[in-house]
Amino acid sequence: MALNSMASRPSSLISRNFKNSCPIDSTFSHPIKFLNTIPLLTNLSFKNVSPVLSSVSVRASSASSSSSATVAQELKIKSVPTQPIEGQKTGTSGLRKKVKVFMEENYLANWIQALFNSLPPEDYKDGVLVLGGDGRYFNKEAAQIIIKIAAGNGVGKILVGRDGIMSTPAVSAVIRNRQAKGGFIMSASHNPGGPDYDWGIKFNYSSGQPAPESITDKIYGNTLSISEIKMGDIPDIDLSQLAVIKHGAFSVEVVDPVSDYLELLENVFDFSLIRSLVAQSDFRFIFDAMHAVTGAYANPIFVDKLGASTDSILNGVPSEDFRHGHPDPNLTYAKDLVNILYGENGPDFGAASDGDGDRNMILGRGFFVTPSDSVAIIAANAEETIPYFKTGVKGLARSMPTSGALDRVAQKLNLPFYEVPTGWKFFGNLMDAGQLSICGEESFGTGSDHIREKDGIWAVLAWLSIIAFRNKDRKAGEKLVSVSDVVTEHWASYGRNFFSRYDYEECESEGANKMIDYLRDLISKSKAGDIYGSYTLQFADDFTYTDPVDGSVVSKQGVRFVFTDGSRIIFRLSGTGSAGATVRIYVEQFEPDASKHDVDAQAALKPLIDLALSTSKLKEFTGREEPTVIT
């Protein structure tokens with residue numbers, strides 16, 4: 001049995017009574033608790049390696065104890081031998097695999113140790129790191145492993161959310177507020193959770209943003225040569241109670257996962273303005289937490305601070321398997337919310353967030369706001385409606401596949417604009433350089449430079465601020481300015497970018513890669529003026545990005561066909577899944593004529609969608625006839 005081997009759940013370990021904390025809704029009883037004490041490791045065996053463990057001692061500091069702390073006089077470090085494990089290269093959002101892969105011997109421990117081997121000592125030695133996650137299956141065990149490896153590598157303090165829970169935006173906020181060196185996020189984002197599904201881990205740097213590729217590449221390189229794991233000789237930490245636990249010079253502080261983040265949001269938004277909207281008798285609001293991490297934030301923010309009724313929170317209890325749901329806030333997976341908003345006498349405003357709280361979906365009564373339109377509308381209204389931007393917006397940015405709606409706002413407001421690859425880390429450099437305020441991705445990610453992650457609840461509060469501002473002078477009996485009113489008024493001013501994304505999930509990787517190779521060969525032979533159906537090609541390429549801040553270059557970020565009328569077709573393979581490949585096809589067409597803005601997007605885009613499918617030969621390469629999700 002190794003550091004994190006649970007796949008077989010041997011009875012000899014099941015019989016041990018290890019104390020650990022649980023999420024609010026622990027769907028699974030986890031009888032095995034990892035590494036309750038490091039001395040247990042002396043009885044473990046490792047495949048193909050010597051079982052001999054070496055240890056060194058680190059003397060305790062002279063820090064005094066308090067009533068909330070347990071003080072150890074000495075911290076012992078143990079060296080656990082290991083070997084490289086294949087397949088630990090991170091994607092755009094960290095390392096994601098099926099949970100059973102992470103539960104294999106040393107799989108997670110190898111990656112965590114490889115991370116410490118990749119960082120300069122000054123980036124973690126005697127410093128503070130943050131640890132949080134979305135509450136999914138395996139997070140509790142993983143938290144104990146991470147804490148002990150952090151102790152073994154000389155970290156001074158770990159700030160961990162109670163029950164191991166802390167949303168991705170909140171981790172970024174805590175890193176920045178507490179001036180931590182960085183933080184670990186245990187999440188597979190919007191992917192399903194549970195024993196048969198997904199798990200993930202990523203590291204964010206001191207600015208709160210995901211680690212750059214220069215670091216993730218080093219991590220991968222070190223996973224190929226790792227030979228030992230350094231572990232602190234400490235018992236499991238009780239994560240269920242707010243407390244400071246000390247072991248020599250190393251300490252763990254269990255913190256409220258909401259407080260730092262909520263304090264930040266109160267400084268960004270005018271909560272009194274939003275409260276005035278929520279208090280109106282003819283305004284009804286509903287937020288769907290999808291049994292994910294924002295369930296821990298919904299009541300403190302929307303109910304306690306903003307005055308919403310408790311029944312306005314849907315699926316608000318976090319669950320280790322999201323109650324067998326798929327915590328992806330789109331029209332397919334957030335069907336509970338969609339049915340309510342599109343039902344008879346639906347609420348005026350609806351929103352949802354994903355597994356780790358960084359994505360969002362916005363709905364009005366019978367009306368869906370595309371993520372591309374959402375970020376554009378927030379940007380267009382930010383300075384007037386959100387106090388954080390009262391001194392002005394520095395710049396706007398979107399991911400390359402996201403529609404050009406934001407471009408038009410930047411042009412009209414005379415703001416700097418940037419087009420970046422998919423991946424929030426590309427926005428972070430621009431923010432740190434003071435060049436970017438608001439940004440978004442078509443994949444339901446929206447945010448600003450208040451933190452260095454996309455932020456689902458931030459987007460919901462931004463929309464509530466816009467609706468509240470539009471209705472602040474409304475007299476009794478006057479019609480509510482609705483979500484659909486705000487969107488259609490925006491289209492009238494800026495034009496409408498019809499946009500849709502087709503997702504083909506869990507395709508066979510071989511066929512998906514062959515399709516992309518075919519498209520790359522096709523664009524290499526294409527030239528301006530080529531005719532594709534009724535469209536004339538302006539250019540075709542595989543998107544390459546040069547960072548204007550540090551000059552770094554990222555290539556092969558999506559095959560795109562851009563036509564002379566501004567229409568676009570884009571093809572990408574997604575790196576956010578844990579099995580197979582997800583093929584994403586994006587289609588966009590601009591329509592300046594307001595009389596045509598009410599056309600259904602799928603109808604308006606049908607010629608482009610048909611062209612995308614025929615050009616890519618998707619059915620021939622993947623065998624797929626229908627998409628899994630249409631946005």
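Accessible areas here come from the Shrake-Rupley method with a 1.4 Å probe, and for residues only the protein chains shown count as cover. On that basis the chain has an accessible surface of about 23,500 Å², 47% of it belonging to carbon and sulfur atoms. This is a predicted model, where local features need pLDDT of at least 70 and side-chain atom pairs count only at pLDDT 80 or more, while totals for chains, interfaces and linings use all residues. Residues are numbered from 1 along each chain as its sequence is written, and side-chain values use heavy atoms, with hydrogens and water left out.

**The chain overall**
- You're looking at 18 helices and 28 strands (DSSP runs: H or I of at least four residues for helices, E of at least two for strands, numbered from the N terminus).
- Of the 631 residues, 61% are buried (under 20% relative accessible area, 1.4 Å probe, protein chains only).
- Among contacts (heavy atoms within 4.5 Å) with a separation of 6 or more, 74% link residues 24 or more positions apart.

**Helix α9**
- Helix α9 spans residues 295-305, and its buried residues include Tyr-297, Ile-301 and Phe-302.
- The cover over those buried residues includes helices α5, α7 and α14, plus strands β11 and β12.
- After α9 comes Gly-307, with a positive phi near 85°.

**The seven-stranded sheet**
- This open sheet runs β21-β22-β25-β26-β27-β20-β28, with antiparallel pairing (two strands pair if DSSP finds at least two bridges between them).
- Its edges are β21 and β28, each pairing on one side only.
- Strands β26 and β27 run antiparallel and are joined by seven bridges; Ile-570 has Tyr-586 in β27 as its bridge partner.

Terms used
Buried means under 20% relative accessible area, exposed over 50%, partly exposed in between (1.4 Å probe, protein chains only).
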